[in-house]
Amino acid sequence: MDQPILEARDLEGVVLVRDKLDFSAAFLIPHLLQLALAANLRVVLLLVQDSLSHYQQALRKLGINLTNCIASQQVIPVTITSSPTSADFLKILVQQLASACTEACQALAASGVCLLVDSISALAGLTDDVEQWQAFLHYCHSLKSVTQGQYACVMITHEDVEDDAHWISWLRHSAQVEIEVQALESGASQDVSGQVLVTRREAYWPTSAVQSAKPPSHELQGQRDNADSIGLQESRKLFCKLGPNDIRFFG
């Protein structure tokens with residue numbers, strides 16, 4: 001039976017998607033954008049890894065006309081306009097995002113804003129300025145204070161780059177929701193492409209959700225704080241099947 005990977009209420013705070021080179025999480029980006037639109041969020045899409053035309057084609061398979069979404073300000077694309085070699089590269093990008101989020105907040109009847117960065121790892125590779133990079137991550141995390149209503153910051157990161165381990169760790173501690181995409185140890189099969197582990201922090205879960213019974217097929221696991229963990233959390237493992245026009249998630 002197909003199961004949703006996330007619900008609209010999950011798009012709050014930092015949503016961190018982690019993958020590795022052996023199985024990219026890029027297939028989730030159109031799916032997460034679709035979820036944000038369904039939640040009546042205005043999406044600020046920061047294009048780092050793929051082009052706008054790529055997402056137009058991917059979203060068309062989901063029945064979404066990205067050109068129309070942009071025209072109606074449901075989606076506000078942001079492209080990098082300054083040279084990465086510029087000393088003010090990230091400062092200029094912050095100004096672009098601030099302008100886009102302000103525009104998104106002015107949209108009538110919107111429930112909030114979702115900042116979607118299609119590859120935060122690729123963006124990190126464009127700068128050597130550690131101080132500006134940390135300031136940029138904090139800015140993305142703190143946009144909640146300047147946006148109206150619901151705010152989500154969705155970032156895709158690749159864990160294969162050892163130099164990125166420190167700031168990825170910071171993002172993990174900041175995230176209300178983590179999605180870890182993994183290849184199957186036995187390799188992809190005809191019926192299963194990979195597996196997805198969805199983790200929600202207790203601080204995010206409403207009390208009723210924590211106390212309610214979960215279907216055993218979801219494989220929920222509560223984990224208490226210790227020196228090496230991030231806190232009490234709920235985890236759900238799903239398998240995924242990538243089709244030519246859709247994605248299926250099942251337990």
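Visitor: At what angle do the axes of helix H6 (residues 130–142) and helix H7 (residues 165–174) cross?

Guide: They cross at roughly 15° and come within 12 Å of each other. An axis here is a line fitted to C-alpha atoms, for helices over the stretch in contact, and angles run from 0 to 180 degrees between N-to-C directions. Please keep in mind that this is a predicted model, where local features need pLDDT of at least 70 and side-chain atom pairs count only at pLDDT 80 or more, while totals for chains, interfaces and linings use all residues. Residues are numbered from 1 along each chain as its sequence is written, and side-chain values use heavy atoms, with hydrogens and water left out.

Visitor: Why are H6 and H7 called roughly parallel to each other?

Guide: Angles under 35 degrees count as roughly parallel, over 145 as roughly antiparallel, 65 to 115 as roughly perpendicular, and the rest as oblique. Their crossing angle is roughly 15°, and H6 and H7 are therefore roughly parallel. H6 also passes H7 in a right-handed crossing (right-handed if the near helix is turned clockwise from the far one by less than a right angle, left-handed if anticlockwise).

Visitor: Which residues in H6 and H7 meet?

Guide: On the H6 side they are Trp 133, Gln 134, Leu 137, His 138 and His 141, and on the H7 side His 166, Trp 167, Trp 170, Leu 171 and Ser 174. Contact means heavy atoms within 4.5 Å.

Visitor: What makes H4 roughly parallel to H6?

Guide: The axes of helix H4 (residues 89–105) and H6 cross at roughly 10° and come within 10 Å. That angle makes H4 roughly parallel to H6. Among the residues that meet are Leu 93, Val 94 and Leu 97 in H4, and Trp 133, Phe 136 and Tyr 139 in H6. Trp 133 of H6 also takes part in the meeting with H7.

Visitor: How many helices and strands does the secondary structure of the chain come to?

Guide: Eight helices and ten strands. Both are DSSP runs numbered from the N terminus: helices are H or I with at least four residues, strands are E with at least two.

Visitor: Why is helix H1 described as largely enclosed by the rest of the structure?

Guide: Buried means under 20% relative accessible area, exposed over 50%, and partly exposed in between (1.4 Å probe, protein chains only). Nine of the eleven residues of helix H1 (residues 28–38) are buried, so this helix is largely enclosed. Among the buried ones are Leu 28, Ile 29, Pro 30 and His 31. Across the chain, buried residues make up 47% of the 251 residues.

Visitor: What value does phi of Asn 40 take?

Guide: Phi of Asn 40 is near 65°, a positive value in a residue other than glycine. Most residues other than glycine have a negative phi. Asn 40 is in the loop between H1 and strand S2 (41–47). Gln 73, in the loop between helix H3 (66–71) and strand S3 (75–79), also has a positive phi, near 65°.

Visitor: Why does Asn 40 count as partly exposed?

Guide: Its relative accessibility is 28%, so Asn 40 counts as partly exposed. At 33%, Gln 73 counts as partly exposed too.

Visitor: What makes Glu 180 and Arg 18 a salt bridge?

Guide: A salt bridge is a side-chain nitrogen of Lys or Arg within 4 Å of a carboxyl oxygen of Asp or Glu. For Glu 180 and Arg 18 the N to O distance is 3.2 Å, so the pair qualifies. This pair links distant parts of the chain, with Glu 180 in strand S6 (residues 175–182) and Arg 18 in strand S1 (residues 13–19), 162 residues apart. Glu 180 counts as buried at 17% relative accessibility, and Arg 18 is buried at 6%.

Visitor: How close are the N and O atoms of Arg 201 and Glu 178?

Guide: The closest N and O atoms are 2.1 Å apart, in a salt bridge. Arg 201 lies in strand S7 (residues 194–201) and Glu 178 in strand S6, so the pair ties together parts that are 23 residues apart in sequence. Both residues are buried.

Visitor: Which residues are linked in a network of salt bridges?

Guide: Arg 18, Glu 159, Arg 172, Glu 178, Glu 180 and Arg 201. The structure holds seven salt bridges, including one between Glu 7 and Arg 9 at 3.2 Å. Glu 7 counts as partly exposed at 39% relative accessibility, as does Arg 9 at 31%.
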